[in-house]
Amino acid sequence: MSILSYIVTGVTSYVAVTASLFSLSVKVPRAGFFARCLASYASLLVCATYGVVASIVLRLVGYGRVSQWATARSFKWVMWFTTGVRFDIVEGQKYLSTRPAVFIGNHQTELDVLMLGTIFPPYCSVTAKKSLKYVPFLGWFMALSGTVFIDRANRKTAVKAFDGAAKEMRTYKQSVFIFPEGTRSYTTKPELLPFKKGAFHLAIQAGVPIVPVVTENYSHVLNIRDLRFNSGTIKVKVLPPIETKNLTAADVDQLTQSTHEAMLKVLAEMSNKDEQEVDGSLRGSSTAVEI
């Protein structure tokens with residue numbers, strides 16, 4: 001049996017299992033969790049493979065700096081098709097054109113990759129832990145497309161990576177996206193983990209604005225602990241740019257704190273608004289029944 005036959009058989013089996021789980025989810029809701037997880041991993045693999053090819057081709061024609069944007073967009077549409085999940089920018093779309101900038105966002109689950117697929121602007125790169133560089137397909141794409149890899153265990157190399165990113169931003173007007181919480185929160189409440197200061201040091205060092213991106217708490221769509229993964233739309237707000245000109249390293253603490261507070265306030269407001277809409281809908285339904 002040839003290698004190609006093994007690959008075709010494996011892919012066919014994977015698709016069959018995923019489709020069976022989707023069918024079963026009508027009667028067994030938790031089957032939908034595993035179905036969408038499998039669909040997500042398959043989508044990520046397909047888009048990462050596409051990203052490797054796109055990165056090489058775009059580099060050859062002189063547009064290598066938009067390869068992460070091109071790959072992110074592919075993931076947005078593929079993931080929407082395979083899982084029924086989408087992110088919707090409800091406010092601040094215009095601020096995504098800020099360039100160069102340090103974009104920051106709250107980090108909830110692995111699904112944030114799909115959020116990047118929706119909001120990611122051209123001429124922007126992500127930061128990622130260095131270990132991802134060696135993951136087949138995904139790591140290859142990230143390395144080819146200009147990802148800023150950070151070795152969190154080595155402060156010296158981390159600082160060097162940010163120095164390189166700052167130079168890239170000043171020279172080529174390349175933006176960077178960072179999750180300042182540093183890890184996924186998996187929270188079911190509108191809350192944020194403490195922010196690490198790297199993103200704020202980078203913005204001040206490069207002399208570029210910070211653009212906060214706030215994603216509503218979406219545990220109603222994905223909750224790992226409860227094995228819940230539903231289709232649905234998740235709201236995103238892009239906040240006005242925060243200027244860093246004339247700021248120094250001495251201002252990092254205050255900048256980090258004020259940005260954290262601003263994002264947390266918007267996150268809470270988004271949650272309260274959703275709750276009010278649900279309550280209003282329920283009251284409307286109750287009134288209709290009474291009449």
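Over residues 6-26 the chain is 90% helix and 0% strand, with 31 Å between the end C-alpha atoms. Here helices (H or I, at least four residues) and strands (E, at least two) are DSSP runs, numbered from the N terminus. This is a predicted model, in which local features need pLDDT of at least 70, side-chain atom pairs count only at pLDDT 80 or more, and totals for chains, interfaces and linings use all residues. Residues are numbered from 1 along each chain as its sequence is written, and side-chain values use heavy atoms, with hydrogens and water left out.

The unreviewed UniProt entry lists residues 6-26 and 38-61 under "transmembrane region". UniProt positions follow the numbering used here, feature names are shortened, and annotations may be inferred rather than shown by experiment. Here are the two spans next to each other.

Seven strands make an open sheet in the order 1-9-6-2-5-3-4, and their pairing is mixed. Two strands pair if DSSP finds at least two bridges between them. Strand 1 and strand 4 (148-150) are the edge strands, as each pairs on one side only. On average, neighbouring strands of this sheet are turned by 25° against each other, direction ignored.

What does strand 5 (residues 175-178) pair with? Strand 2 (residues 102-105) runs parallel to strand 5 and is joined to it by three bridges, with Val 102 and Val 176 as bridge partners. Strand 3 (residues 124-129) is also parallel to strand 5, again through three bridges, and there Val 126 has Phe 177 as its partner. In strand 5, Ser 175 and Phe 177 point one way while Val 176 and Ile 178 point the other way, and all are buried. Buried means under 20% relative accessible area, exposed over 50%, and partly exposed in between (1.4 Å probe, protein chains only).

Next, look at helix 4 (112-119). Seven of the eight residues of helix 4 are buried, including Asp 112, Leu 116 and Ile 119. Among the elements that cover these buried residues are helix 3, strand 3 and strand 5. Leaving aside neighbours within four places in sequence, Leu 116 is in contact (heavy atoms within 4.5 Å) with Ala 72, Arg 73, Val 126, Phe 177 and Phe 179.

Finally, which residues touch the most other members of the largest nonpolar core? In this core of 36 residues, they are Phe 87, Leu 111, Met 115, Leu 116, Ile 119, Phe 177 and Phe 229. A nonpolar core is a set of buried Ala, Val, Leu, Ile, Met, Phe, Trp, Tyr and Cys residues joined through side-chain atoms within 4.5 Å. Another core, of 30 residues, lies apart from it and includes Phe 162, Leu 192, Phe 195 and Val 208.

Terms used:
Axes fitted to C-alpha atoms, helices over the stretch in contact; angles between N-to-C directions.
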